[in-house]
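Please look over the sequence and the structure first, and then read the notes grouped by topic.

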Amino acid sequence: MKTKVGKVTEEERSQILSLFERKNGLQELAKILTTDNQELYEKVVMDLGTTNMKFQKWWYDMAMKYGWKSAEEGNWEIDFDTCDIYLNSFE
């Protein structure tokens, strides 16, 4: 079930959009890299780990700021066009 639980500002939306795009780009890059270039591979993996932490921190910080409803078996998602936040619960 998908329920609207809040909204963020356009600036906050831009922050998570940037992290989302970076995370997806790094994941795609990691898929095509071979371990032949170990140094580049390790940089991508490190950057992906850092980006994932920033991504999760953004969600945590916004949830605390706005007091969004949550679910043990669920996740939040954002509509980048409207800045609306939805809770997808699988219970």
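In counting charges, Lys and Arg are taken as positive and Asp and Glu as negative, while His and the chain ends are left out. On that basis the protein has 12 positive and 17 negative side chains, and the centres of these two sets lie 4 Å apart. The model described here is a predicted one.

**Fold and dimensions**
- The protein contains 2 helices and 3 strands, which follow one another along the sequence in the pattern β-α-α-β-β.
- The radius of gyration of the protein is 16 Å, whereas a compact globule of 91 residues would have a value near 12 Å.
- Along the principal axes, the C-alpha trace of the protein spans about 45 × 30 × 20 Å.

**Burial, surface and contacts**
- Of the 91 residues of the protein, 31% count as buried, and the protein exposes about 6300 Å², of which carbon and sulfur atoms supply 53%.
- Among contacts between residues at least 6 apart in sequence, 57% join residues that are at least 24 apart.

**Aromatic rings**
- The structure holds 7 aromatic pairs, and one of them is the stacked pair of Y66 and W68, with 6.0 Å centre to centre and 10° between the planes.
- W68 also forms an edge-to-face pair with W76, at 5.5 Å centre to centre and with 65° between the planes.
- W68 counts as buried because its relative accessibility is 7%, under the cut-off of 20%, whereas Y66 is partly exposed at 32% and W76 is partly exposed at 22%.
- Ring pairs link F55, W58, W59, Y66, W68 and W76 into a cluster.

Key: Residues are numbered from 1 along each chain as its sequence is written. This is a predicted model: local features need pLDDT of at least 70, side-chain atom pairs count only at pLDDT 80 or more; totals for chains, interfaces and linings use all residues. Side-chain values use heavy atoms; hydrogens and water are left out. Helices (H or I, at least four residues) and strands (E, at least two) are DSSP runs, numbered from the N terminus. The radius of gyration is taken over C-alpha atoms; the globule rule is 2.2 Å times the number of residues to the power 0.38. Buried means under 20% relative accessible area, exposed over 50%, partly exposed in between (1.4 Å probe, protein chains only). Contact means heavy atoms within 4.5 Å. Accessible areas come from the Shrake-Rupley method with a 1.4 Å probe; for residues, only the protein chains shown count as cover. The place of a charge is taken as NZ of Lys, CZ of Arg, CG of Asp or CD of Glu. Rings of Phe, Tyr and Trp (its six-membered ring) pair if their centres lie within 6.5 Å; planes under 30 degrees apart count as stacked, over 60 as edge-to-face and the rest as tilted.
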